[in-house]
Every structure is written in C-alpha cells, then in structure tokens.
Amino acid sequence: MRHRVSLSGVQGAKKLIVSCAIWATGLSAQSPQRPASQPNVFLVTIDTLRADHIHCYGDASIQTPGLDNLAKDGVRFAQAFTPSPITNTSHISILTGLLPSTHGVMDFAVPLPSEYPLWAELLKKRGYHTGAFIGSIVLDSRNFAPGLNRGFDFYDDFPAVAPNKSRWERLERRAEDVARRAETWLTANSGGPKFVWVHFYDPHDPYDPPPPFAQMYKNRLYDGEIAYADSVLAGFVTYLKKKGWYDDSIVIVVGDHGEGLGEHHEETHGAFLYDSTLHVPLIVKLQNQKHAGRVVEAQVRTTDILPTVVDLLRIPPAGRFDGESLLSFLGVAAATETAGRTAFGETDYPLRFGWAPLRSVRDEGFKFIEAPKPELYNLRSDPFELTNNYAPWDASVQKFRAMLSDSKRKIRVRAPSAGSVSKNTIAELEALGYLGRADLASSTNVPEPSLLPDAKDKIEQLNLLHQAMIASEDGRDIDARAALERALELDPISPTALRQLADFELEAGEFAKAAEHLKRALALHFDDSVTAFHLGQALVGEGDLAGAREALETSLKFNPMQFDARLLLGQVCLDEKKAKAAEDQFEAALLIEPQNSAAQLWLAKAQMAGKNFTEATRRLEPLAKSQPQNADIIELLAQAYAGLGREDEAERANSRAKALRNNHKP
Ligand SMILES: [Zn+2]
C-alpha cells in the first residue's frame, strides 16, 4: 500500500526525498478491491508550447478553442513544468515519469536503458493496443530516440529513405498528417482498450503555419503554429467524440517545453532553464469529465503524468517514478494536496558547444539555477526572472544546492552512452536547428563543468548559429554565411561556426578557405575526427596530397570506423602511387561496409595499380554481373582483362561499356 504524505508544510528537500523514494503502487486513491477499469488513454504532446501563449492560460490575443474546451472538460494544471527544454529528453521524462538524469537520455540518439519501463509497456501488459504518431524525426525510434518505441504495437517512424528533399516527411509532419495517421490506425484497431500517443511538432521553429493561420497571425507566426496545432487537436477530439470514445477516455495534453522568443536573449530553447522554456500547459480530462473545469494552481511536473495514469488505471508497481500521482490534488485522497511540488530542471545542451551544463530547482516561489554564474530569482516579485539575487551565503541558495546534490547522489553512475549518430542523422539534426557535437556533450569529457563558459555569455553566438542553420536549410546561403561570420566575430574560435563555414567553402569549392577554418577548429580540438576528415577533403581539393594524407590519418586515428575517410585516404594513396597502402584502406573500408560497391571498385583499381589483375578480375566480375548497367565497372573489367592478356574479353567489355555510355548520353 502506498504511503500517502500530505505535503502541505513539508519543505522542499523533504518533499523530493519522499517523491523519489515512493514506489508507485497505483493504489493510493481508491479502494484496491474495485475491479481495474480500462479506459482508452490518449496522450497529445504539443512541441515547443509555451503555457502563456494559450487562451485558457491567460493569453487573450490567441484563439485556442481546442485546448480551452478540453480544459473545460478536464483539469487544467496552471503551473506545470518540464524537467528538460529538449524534445526527446522531455518526452522520455513524460513517458517514464523520470527525471532526465535518472533515465540518462540527455542527448539525441542516446538509447533509453531497458530497465526503465515506458508508459506503453505498462499499458500493453494490461491488454492495451498501443500506437504512437510522431511529428518530428527527433522522436524517430530508429535513430534519434532509440528505445522510445518499446511497448508500442505500432510506432509511426519516418520513412528510412526520405521520399523527397522537402522538409515535410523528411524531418517533420504537419499536425493534420499526424492526426490523420493516428485516426486511420485507430479506426483499423477499434476493439479493446487503446493507448495512443500523438505528437504535434508544428510550433517548433521555423514557424511556418499553413493558411489561414499564416494570415491570421502574420506578425507572430509562432502563435500561428500554436493556433494551427490547436485546431488539429480540436479535430482529433471531434473524431474521438464521433467514435463515441471521448466521454469514457482519459485525454491528456501537455507541452514538451516552451520557447525563449528572445527572453533572456534566447530565441528558441535548449540552452537555458528559465520559465519561458520550462513552463508548459498540462490538461488532464478524466473519464466522464470528472472534475470538469477544475484548475490546480499548485506547481506540478510533467514527470507526475505517468504516475497519475498508473494511479487511475490501478496498475501494479513496475518500478520507481521521480514524479507522483496528481490525483491527490483532486480531493480523492484522504488529504488533499495543495502545496506545490519541487520542480527540477536539467540541460546538457550547452555541452554540445563546450559550455557548462545547467541544473535548476523551482520551489516555494524561488528558482535557483546552478551555472558558472549562478542565479536566484524570487518568482513572486520577479516572475520573468530578471533580477538575479544570487549570493553564495544566502540561506536559500545553500538549501537549493543541497537539494541538487541530494538528487545527484540518487543517480546511478553509468558508463557514458554516447549515441551512435550517422552522418545523415547529424545533417538532419542540423536541419532541425540542433547544433553542436554529441562527442563534446559528455560530462565525462570535462574536468569540472563550472570551469566551462556560461551559456549566458554565449547565447548571442548560439542564436546566430541557429539562424545560420535555418537559413542554410531554407537555401538562403548568403544569410547563413553572414550569420556564421557574425558568430565568428563574437567568438573567433567557435568550433561550430568554423566547421559550418568550412562546410560552405567546401561546397563552393573554396578549398583554401575551408582548410583555413578547419585548421583553426582543429587547433582547439586536435582529436576531432570529423573536422580532421573535412580538412582532408579540403586539402585533396587543393591538391595537397601529403597534407590530406596526414589529416585523414589523424582523423582515422581518433575514429577508425569512418568509411568515407578510409575511402578518401585510399584514393590519396593511389594518387601518390602507393598501391599497397591504397589497397589496405579500401579493404578497411569494406570491413566497415562490406557491400559498398564504390569501395569494391576502388579496391579493384588499387589492385590493378599494383598489377594484381587476377584479384581485380575476381572482384570485378561478380560486381559487373550484379550491376550490368554500370559502365564504370565494365570499363574497369575491360582493363583488368587486358592486363591479363585476355584481349577478346577486354574488347567485348570495352564495346559494352561504350554502348552503355552512348545510351546514357543526354
Ligand atoms: Zn520539443
């Protein structure tokens, strides 16, 4: 039986200990003898949704009838906070009821450890049909969010190969598309209890609402995106009503984080832990609209959502939560909870740029942010967190520091699990506006975070880098370049700016300029294998073979598993007439990607350069068979035959290659 504590009067630190120590039995509020009910559960997460940009949260200038009506039918939590301003980390906290530092997914592509059960797993065990419908590739379970599909019968990942270059269906889906997919699945899986998670990504930047919202909100497109997502939410609720499911269902809507919108100089989200990005809307509509129209003013957390659902469904304990059921705020428990709960905030995003990670505590009207330059705000007199009252001797600072170190102690130390992100995945992340480098984003790489720069001193640079990425994605290369150059003026050794500018120069064929930027970036991070690889590319472009070889060898020393670097180094060796060394590199490339035909072809070329025509023929013949239309292969095979003195076959292959080339002439 869960141990209920009336939290009024219990001070913050104690509350934390209680909430972390409690094991969710799910049996707090109601009698355990009652049979388990199995209402449908619908979770809608709306990305980048600031609570104070919603009509029912007090913004009279925006129309959000979908959220407003749900709030009328349900319970609206006026003060709900996410522990993370980053999409996948925040969603995992919602779906596990755990703080980021507990579940450990503090960066993209980091797999969720299997010991933490997900919402869908808990419900699937109870006979639920489970489906997830995502609006952004950031939540794709095959690359950015491995493990997030656990427990889902159907998880609507993005296509492995993007159908076209457009942003839509490659990186994002419009809310309408997401809702349509969810409704199609629901219609096909109508029987039995259902848990469906729907994710609308639209309010995430770039802000690009469809008509009529683009016109209605033309000077504030972020709000236009919110109004649009809200209209799709309303449509989804209408669908649930049409199906006759709405009344009996639990419907939960929550934001994953907010948006800076220039407050504290932060344009988007991720770098800071202010309320602009941590305060989110949370609406819970219960079965038969129980407690309709109720507003809970006490501070709660998005980690409390899953414990609430477990409590409502009376699911037996499966592990611990950092959050606690919210039912105690609704007067169904012996003691109604009224005091706010301690809300922690955590972001490691600054580490991607080599800046210090941040931690925060929001409790009893105060916010403390632990940073190289720490901050303390009195939220009652200063709700926008504008006046920093930090003083090291301040009693509340000491109390908050103790709470933070107490929560840190509870975290099991695990080996750093850097996500394995492919090159395409990195490009997609950048296209989405997430920057920096995962290999820099490990707290284990830095001796003492407080010695790192404070993100507050770097935010203008981050905004410029972000603008550059969005401009580049839109094809506005001049704007992108200008933003990067301004970022370099602010910080001449910004590795991200140097690398991004070098990318532009490489693409433009300006190899000397690219090499210059890359050398500067490498001077700061000599073990940065990606930058060293790009320097190798630039030097190849310049015709500096010895320099290129050195850069590529350096790159491979720090990361031997880079296929492209192996392939390029092999080609450099071949140009330097070092056939054996070239063969070694192509063979190594084939160990990484055994089926890669470019590597096979290059290996055959190297073998021929070393006069080993027998091996080259043995390699090329099956290749020519499997790709009979590839003139390059056939031509090379002709040369191999010629090398072996098999003149007839050489001639036949040559004329075949010629015919293929003629056929392909435009
Ligand atoms: Zn997000």
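These questions and answers cover a predicted model of a protein and its zinc site.

Residues are numbered from 1 along each chain as its sequence is written. Local features need pLDDT of at least 70, side-chain atom pairs count only at pLDDT 80 or more, totals for chains, interfaces and linings use all residues, and side-chain values use heavy atoms, with hydrogens and water left out.

Q: How many helices and strands are in the protein?
A: Helices (H or I, at least four residues) and strands (E, at least two) are DSSP runs, numbered from the N terminus. The protein has 24 helices and 12 strands.

Q: What percentage of the 666 residues counts as buried?
A: Buried means under 20% relative accessible area, exposed over 50%, and partly exposed in between (1.4 Å probe, protein chains only). Of the 666 residues, the buried share is 58%.

Q: Among contacts between residues at least 6 apart in sequence, what percentage joins residues at least 24 apart?
A: A contact means heavy atoms within 4.5 Å. Among contacts between residues at least 6 apart in sequence, the share joining residues at least 24 apart is 66%.

Q: Which residues are the protein donors of the zinc ion?
A: Donors are N, O and S atoms within 2.8 Å of the metal (3.2 Å for Na, K and Ca); water is not among the atoms, so sites may look incomplete. The protein donors lie 2.0 to 2.1 Å from the zinc ion. In sequence they are spaced D-x39-T-x168-D-H. They are Asp 47 (OD), Thr 87 (OG1), Asp 256 (OD) and His 257 (NE2).

Q: What arrangement do the 4 donor atoms around the zinc ion have?
A: Four donors count as tetrahedral if all angles lie between 85 and 135 degrees; four count as square planar and six as octahedral if opposite donors are over 155 degrees apart and all others between 65 and 115; anything else is irregular. The ideal angle for four tetrahedral donors is 109.5 degrees. Around the zinc ion the angles are 102 to 117°, so the arrangement is tetrahedral.

Q: Is Thr 302 buried or exposed, and at what relative accessible area?
A: Thr 302 lies in the loop between E8 and helix H10 (305–313). Not counting residues up to four places away in sequence, Thr 302 touches several residues, among them Phe 81, Ser 93 and Val 254. Thr 302 is buried, at 0%.

Q: Which strand runs parallel to E2?
A: Two strands pair if DSSP finds at least two bridges between them. Strand E2 (residues 75–81) has 6 of its 7 residues buried. It is joined by 5 bridges to the antiparallel strand E7 (residues 279–285). The parallel partner, joined by 6 bridges, is strand E8 (residues 294–301).

Q: Why are the buried residues of H18 on the same side?
A: In H18, Gly 547, Ala 548, Ala 551, Leu 552, Ser 555 and Leu 556 are buried. An α-helix has 3.6 residues a turn, so residues three or four places apart point the same way.

Q: Which exposed residues does the opposite face of H18 carry?
A: What covers the buried residues of H18 includes helix H17 (529–542), helix H19 (563–575) and helix H20 (579–592). The face turned away from the buried side carries the exposed residues Glu 550 and Lys 557.

Q: Where is the cis peptide bond that Pro 206 takes part in, and which residue does it join to Pro 206?
A: Pro 206 is in the loop between strand E5 (194–200) and helix H7 (213–216). Omega is about 0° for the cis bond, and the residue joined to Pro 206 is Asp 205.
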